[in-house]
Amino acid sequence: MKYIDEFRDGDVARGLAEAIRREANPERRYHFMEFCGGHTHAISRYGVADLLPDNVKMIHGPGCPVCVLPIGRVDQAIRLALEDGVTLCTYGDCLRVPASDGLSLLKAKARGADIRMVYSSADAVTLAQKHPEKQVVFFAIGFETTTPPTAVAIKQAAALGLKNFSVLCCHVLTPSAISSILESPEVRQWGTVPLDGFIGPAHVSTIIGSRPYEFFAEEYRKPVVIAGFEPLDVMQAIRMLIRQVNEGRAEVENEFSRAVDREGNKKAQQLVAEVFEMRKNFEWRGLNVLPYSALRIRRQFAEFDAEKRFPLDYQPVPDHKACECGAILRGVKRPQDCKLFGTVCTPENPIGSCMVSSEGACAAHYTYGRYKDV
Amino acid sequence: MSEVRKGYVRPLDIKHGQVDMAHGSGGRAMAQLIEELFAKHLGNEYLAQGDDGALLPAPGAGRLVMATDSHVVSPLFFPGGDIGCLSVHGTINDVAVMGATPLWLSAGFILEEGFKLADLALIVQSMAQAAKEAGVPIVTGDTKVVERGKGDGVFITTTGVGVVAPGQELSGRNARPGDAILVSGTLGDHGMAIMAVRESLGFESPIVSDTAALHGLIAAMRDSGADIHVLRDPTRGGLATTLNEIAQQSGVGMMLQEKALPVKPAVNAACEFLGLDPLYVANEGKLVAICAEQDAEKLLAAMRAHPLGGAAARIGTVHEDAHHFVQMTTGFGGKRIVDWLSGEQLPRIC
């Protein structure tokens with residue numbers, strides 16, 4: 001495939017691996033966090049870790065939209081579908097996220113709830129148009145990449161004058177999650193999570209640009225390299241991070257210049273600003289309640305806000321006692337450090353959210369890398 | 001079966017008619033549907049017996065194989081085939097990968113009230129053609145009708161019977177360390193052909209289903225004299241799931257070479273676009289063969305010489321592994337597990 005195979009070329013990978021080995025100082029260790037689940041997936045699927053020297057370690061970050069969705073939010077969606085009888089539309093990965101009472105959206109569907117998997121927010125609007133007798137709710141999740149399409153759906157519904165379409169908005173913000181990690185005691189005080197730099201998001205950065213990361217580089221003295229989701233992108237980014245560390249620099253560099261610039265997609269940013277505003281607080285799985293870390297629908301579009309249309313109060317629900325998703329999302333633990341990993345918690349029967357999406361650290365390690373543990 | 005007297009009843013209006021509840025009632029309307037649609041196209045000496053079951057000659061030496069498969073594919077018509085030919089090919093393949101020569105099929109239809117007779121006729125004609133090409137007649141059948149909304153047009157269950165010659169021993173339990181793993185052609189064509197015509201996806205692609213009966217190819221493989229240990233058709237769950245089943249059954253591990261996997265560029269591109277992995281996408285006209293290492297080249301040559309095996313390739317090797325992992329050396333140079341399919345990658349593909 002043109003423009004894809006070039007970024008998965010084994011010969012180039014070996015050359016890059018050799019360069020990384022040459023440049024990495026054998027006297028020190030390097031710990032880099034890949035923020036995004038897309039990177040986690042690429043690292044596991046292509047076996048990138050096998051090509052790195054022993055003193056370069058990757059830590060999986062919290063950037064998997066399904067993984068950070070707290071149980072309470074999935075419960076809300078399930079309640080809407082089961083009790084309020086709405087047609088609930090959402091992205092495929094969301095369906096299997098474990099919620100309260102042993103339920104998930106998929107299990108609620110088996111109990112008779114009308115739950116549909118859609119490929120885009122526009123499909124949900126179309127569904128509402130086709131079925132004026134049904135209340136259609138789009139369960140909107142994800143980071144900045146999926147937010148603009150939700151904004152478009154809401155504006156479209158407004159333009160069409162739809163009375164039966166609303167959005168349960170759970171969109172979250174990348175920079176807040178990065179701050180939360182950098183502010184965590186494990187990184188700041190105790191040093192139990194050694195962190196020498198970040199691989200910055202690919203798709204998120206096409207929207208927000210590279211500028212928002214400059215704060216982290218300056219304020220926390222951590223190098224950031226924005227990278228694409230192909231395995232060669234990841235390896236090149238690791239090499240750039242090693243160079244920054246070796247040279248004592250902490251800057252934002254852009255490996256993914258074929259798609260990302262400093263300012264990002266202004267049009268998308270305007271759309272998002274027009275439809276959404278900051279939430280004061282939002283609970284994340286694993287990262288707890290983070291101030292100004294998520295979006296809600298502006299008053300002007302309130303009629304499309306499922307939280308206003310339906311009686312939905314938010315009830316936080318603690319994770320399974322033995323589940324380490326929280327610590328894994330903060331980089332404190334690895335999937336194989338969790339007692340549940342691969343025993344009671346598997347992709348077929350996930351206990352924690354990191355085992356659900358293919359971008360989750362646990363699912364990626366279970367699916368592609370668990371042969372290393374035995 | 002009560003006979004419909006010509007001249008008393010108007011012929012079925014296949015062009016404009018629809019299935020109604022009477023077509024499954026056991027009465028005259030059902031008899032007419034069977035005579036004017038099913039028997040007309042599928043007719044053969046056994047079906048013509050008209051009894052509750054088909055009376056078949058007992059095969060000579062060897063053992064019998066029986067396999068059954070239900071088909072609920074959506075949409076019913078897709079590029080490269082339809083539910084009719086798929087239901088014939090699917091069951092023939094299940095019988096054939098046991099090393100058997102398929103002899104007869106049965107077909108059970110569950111029709112939804114309101115289903116267009118014109119579409120049903122197309123499906124039955126497609127079954128008839130597939131059965132004829134394969135030389136495996138449909139010798140008995142059944143029709144039921146369910147109320148509107150209780151089905152999805154038509155579901156078809158076919159059962160096949162075949163005979164295995166004495167001395168043939170094919171089973172998923174027979175893979176041995178050192179064996180070679182071969183596939184008969186490109187992976188993922190059927191699943192992606194179905195996916196591409198799902199209305200909600202809105203993309204066009206030139207991909208057609210690979211649905212085909214494989215017993216001819218299998219006969220050619222047997223004739224090559226190669227020591228074949230396992231044959232299987234990687235349908236739902238794709239190659240990855242089939243290999244994991246075999247690894248589990250045989251108590252072995254496997255190592256695949258990603259670069260050796262045959263995948264059409266269009267299938268690869270569509271998978272990339274939808275976030276799917278061709279290793280998990282269904283095939284309906286491909287098989288996996290595991291054979292003794294020294295016979296791998298001979299078997300590969302025999303497969304490639306057959307029209308259904310032109311793109312056959314050797315993709316990996318069986319080895320000892322107490323954990324029964326199927327692993328792969330990626331084109332990138334790393335190693336990873338090729339796991340069981342978890343959840344559902346594509347709904348209702350066969």
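How many helices and strands make up the secondary structure of chain B? The secondary structure of chain B comprises eight helices and 13 strands, where helices (H or I, at least four residues) and strands (E, at least two) are DSSP runs numbered from the N terminus. The model is a predicted one, in which local features require pLDDT of at least 70 and side-chain atom pairs count only at pLDDT 80 or more, while totals for chains, interfaces and linings use all residues. Residues are numbered from 1 along each chain as its sequence is written, and chains are lettered from A and ligands numbered from 1 in the order in which they are written.

The overall dimensions of chain B were computed from the C-alpha trace, which spans about 75 × 55 × 35 Å along its principal axes. The radius of gyration of chain B is 22 Å, in agreement with the value near 20 Å that a compact globule of 350 residues would have. This quantity is taken over C-alpha atoms, and the globule rule is 2.2 Å times the number of residues to the power 0.38. Of the 350 residues of chain B, 49% count as buried. A residue is termed buried if 20 or more other C-beta atoms lie within 10 Å of its own, exposed if 12 or fewer, and partly exposed in between, with C-beta atoms placed from the backbone. Among contacts in chain B between residues at least 6 apart in sequence, 86% join residues at least 24 apart; two residues are in contact if their C-beta atoms, placed from the backbone, lie within 7 Å.

Chain A contains 15 helices and 13 strands. Its radius of gyration is 21 Å, close to the 21 Å given by the globule rule for 374 residues, so chain A is as compact as a globular protein of that length. The C-alpha atoms of chain A fill a box of roughly 65 × 45 × 45 Å, taken along the principal axes. Buried residues account for 53% of the 374 residues in chain A. For contacts in chain A between residues at least 6 apart in sequence, the share that joins residues at least 24 apart is 76%.

The contact between the two chains takes 20 residues from chain B and 25 residues from chain A. On the side of chain B that touches chain A, the elements that give two or more residues are helix H7 (265-274) and strand S13 (335-337) of chain B. The largest share of that side, four residues, comes from H7(B). Its composition by class is six nonpolar, 10 polar and four charged residues.

Several local backbone features were also identified. Most residues other than glycine have a negative phi, and most peptide bonds are trans. A:Arg221, although not a glycine, has a positive phi of about 55°. A:Arg221 lies in the loop between helix H10 (214-220) and strand S8 (224-226) of chain A. With 11 other C-beta atoms within 10 Å, A:Arg221 is exposed. A:Asn288 likewise has a positive phi, near 65°, and is found in strand S12 (residues 288-291) of chain A. A:Asn288 is partly exposed because 13 other C-beta atoms lie within 10 Å. In chain B, a cis peptide bond with omega of about 0° joins B:Ser74 and B:Pro75. B:Pro75 is located in the loop between strand S1 (63-71) and strand S2 (77-78) of chain B.

B:Glu320 is placed in the loop between strand S11 (313-319) and strand S12 (326-329) of chain B. This residue counts as exposed because B:Glu320 has 10 C-beta neighbours inside 10 Å. Residues up to four places away in sequence not being counted, B:Glu320 touches B:Pro177, B:Val252 and B:Gly253.

Notes:
Ala, Val, Leu, Ile, Met, Phe, Trp, Tyr, Cys and Pro count as nonpolar, Asp, Glu, Lys and Arg as charged, and the others, Gly among them, as polar.
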